[in-house]
Amino acid sequence: MVAFSARLTHNINLNNGQTVIFDTPLMNLGNAYHETYGHFSAPEDGLYQFAVTLLTLSKTSDFGLMKNGNEILARFYSKEGFIGSTNVVEVILQDRDVVFVKATSDADLDGGYYCMFSGFLIQNL
């Protein structure tokens, strides 16, 4: 079984291109999420689902859910004034593909349980 859920526990400021590190795993079945880097590494070929929720503090900010650093799977736009953004995506991954959230503008995030990154293996391929 492969499934994870992680949250951001502190407010952060990010530069354009910086990875969002969701520092506290709530669940990490299969140990595929790496909280040191904020990356999910697919342990096997399959159909996966990912969900991300982000809430900015004071900056209108853009983010991308990235596959292997260069393919954008989903975009997020969070407007200043505590207006959040959520997206869910299904994607086929190969063994060792990497998925993570990256700021695509200068950004800030509220770490008070409002920012989450989760995913799971739906089916092996």
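Predicted model: local features only at pLDDT ≥ 70, side-chain atom pairs only at ≥ 80, totals over all residues.
1. Leaving aside residues up to four places away in sequence, Asp110 touches Leu8, Asn11, Leu55, Leu57, Phe82 and Cys115. As for its place in the chain, Asp110 lies in the loop between strand 11 (107-109) and strand 12 (116-124).

2. Which side chain of opposite charge is nearest to Asp110? That is Arg7, and it is 11 Å away. Asp110 is buried yet has no salt bridge, and a salt bridge here would need a side-chain nitrogen of Lys or Arg within 4 Å of a carboxyl oxygen.

3. Met1, Leu26, Met27 and Leu29 make a nonpolar patch of about 430 Å². One of these residues, Leu29, belongs to strand 3 (residues 24-29). Is Leu29 buried, partly exposed or exposed? Leu29 counts as partly exposed because its relative accessibility is 36%, and that class sits between the 20% and 50% limits.

4. Five strands form an open sheet in the order 4-5-10-7-8, and their pairing is antiparallel. Strand 4 (33-34) and strand 8 (71-78) are the edge strands, each pairing on one side only.

5. Strand 4 and strand 5 (residues 39-41) run antiparallel and are joined by two bridges. Which residue of strand 5 stands opposite Tyr33? You will find Phe40 there.

Note on methods:
Residues numbered from 1 in each chain as written. Heavy atoms only, no water. Patch = residues over 30% accessible without salt bridge, like charges linked within 9 Å, V, L, I, M, F, W, Y side chains within 5 Å. Areas by Shrake-Rupley, 256 points an atom, 1.4 Å probe, with all protein chains shown as cover. Helix = DSSP H or I, 4+ residues; strand = E, 2+ residues; numbered from the N terminus. Buried < 20%, exposed > 50% of the residue type's maximum accessible area, 1.4 Å probe, protein only. Lys, Arg positive; Asp, Glu negative; His and termini not counted. Contact = heavy atoms within 4.5 Å. Pairing = 2+ DSSP bridges.
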